[in-house]
Amino acid sequence: MLSPDLINEARIGHGLEISSKKRLLETLAELLANDHPRLSTEAVFERLLERERLGSTGLGHGVALPHARVKEVTQVLGAFVQTVHGVDYDAADGEPVDLAFALLVPESATEEHLHLLAHLASRFSEPATRTRLREARSSAAILELLKVP
């Protein structure tokens, strides 16, 4: 189960019209920065983009887990976006991404970061979970789905 501090309704976007990987990352950066006093959208976007340059965080099956270490946060923060149409994300399977969960972790949170990424990757590997997230019609509905253990 995800920590209640990890994600909230303010950091969820649903049914968004996004046409590119860059805009998807910008949207996730906005959601994260708007809900944290020490973060700027530009800085978060740059960190997410920096990580993407090392290799795509597209998991396959239309899901991406962009993530970055950021010195301005003291606890892990998450944001989630559901798009109307998938975007080209350079995922290994070539499928467009329409579900993206972004994580920002403190620079020193290596072990926690890896466990959380593994947990989320496992959750998003379940076809039923992906289907329910795609069918959700509100941020509140998505949040409830994400909270399910």
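The following paragraphs lead through selected parts of this structure, which is a predicted model.

Helix α1 covers residues 21-34 and helix α2 covers residues 41-54; the two pack with their axes 8 Å apart and at an angle of about 135°. That angle makes α1 oblique to α2, since angles over 145 degrees would be needed to count as roughly antiparallel. The crossing of α1 past α2 is right-handed. On the α1 side, the residues that meet α2 are K21, K22, L25, E26, A29, E30, L32, A33 and N34. Their counterparts in α2 are T41, V44, F45, L48, L49 and E52. Sorted by class, this contact comprises eight nonpolar, five charged and two polar residues.

L48 is among the residues touched by H67, and H67 belongs to strand β4, which spans residues 67-69. H67 counts as buried because its relative accessibility is 10%, and buried means under 20%. Beyond its neighbours up to four places away in sequence, H67 touches R51, T57, L103, H113 and L117 as well as L48. Two polar contacts involve the side chain of H67. With the side chain of R51, the distance is 3.3 Å; with the backbone oxygen of L65, the distance is 2.7 Å.

The backbone oxygen of H85 is reached by the side chain of T83 at 2.7 Å. T83 itself is part of strand β5, residues 77-87. With a relative accessible area of 6%, T83 is buried. Setting aside residues within four places in sequence, the contacts of T83 are with L16, I18, L24, V97 and D98.

A further buried residue is found in a helix. S139 is placed in helix α5, which runs over residues 139-147. Its relative accessibility of 12% is why S139 counts as buried. A polar atom of the S139 side chain lies 3.2 Å from the backbone oxygen of I12.

H61 lies in the loop between β2 (58-60) and β3 (63-64). The phi angle of H61 is near 60°, a positive value in a residue other than glycine. H61 is partly exposed, with a relative accessible area of 41%. D90 lies in another part of the chain, in the loop between β5 and β6 (97-105). D90 is not a glycine either, yet it has a positive phi of about 60°. How is D90 classed, buried or exposed? Its relative accessible area is 52%, and D90 is therefore exposed, the limit being over 50%.

Terms used: Residues are numbered from 1 along each chain as its sequence is written. This is a predicted model: local features need pLDDT of at least 70, side-chain atom pairs count only at pLDDT 80 or more; totals for chains, interfaces and linings use all residues. Side-chain values use heavy atoms; hydrogens and water are left out. Helices (H or I, at least four residues) and strands (E, at least two) are DSSP runs, numbered from the N terminus. Buried means under 20% relative accessible area, exposed over 50%, partly exposed in between (1.4 Å probe, protein chains only). Contact means heavy atoms within 4.5 Å. A polar contact is a pair of N or O atoms within 3.5 Å; within protein, one must be able to donate a hydrogen and the other to accept it, and residues adjacent in sequence count only if both atoms are side-chain atoms. Axes are lines fitted to C-alpha atoms, for helices over the stretch in contact, and angles run from 0 to 180 degrees between N-to-C directions. Angles under 35 degrees count as roughly parallel, over 145 as roughly antiparallel, 65 to 115 as roughly perpendicular and the rest as oblique. A crossing is left-handed if the near helix is turned anticlockwise from the far one by less than a right angle, and right-handed if clockwise. Ala, Val, Leu, Ile, Met, Phe, Trp, Tyr, Cys and Pro count as nonpolar, Asp, Glu, Lys and Arg as charged, and the others, Gly among them, as polar.
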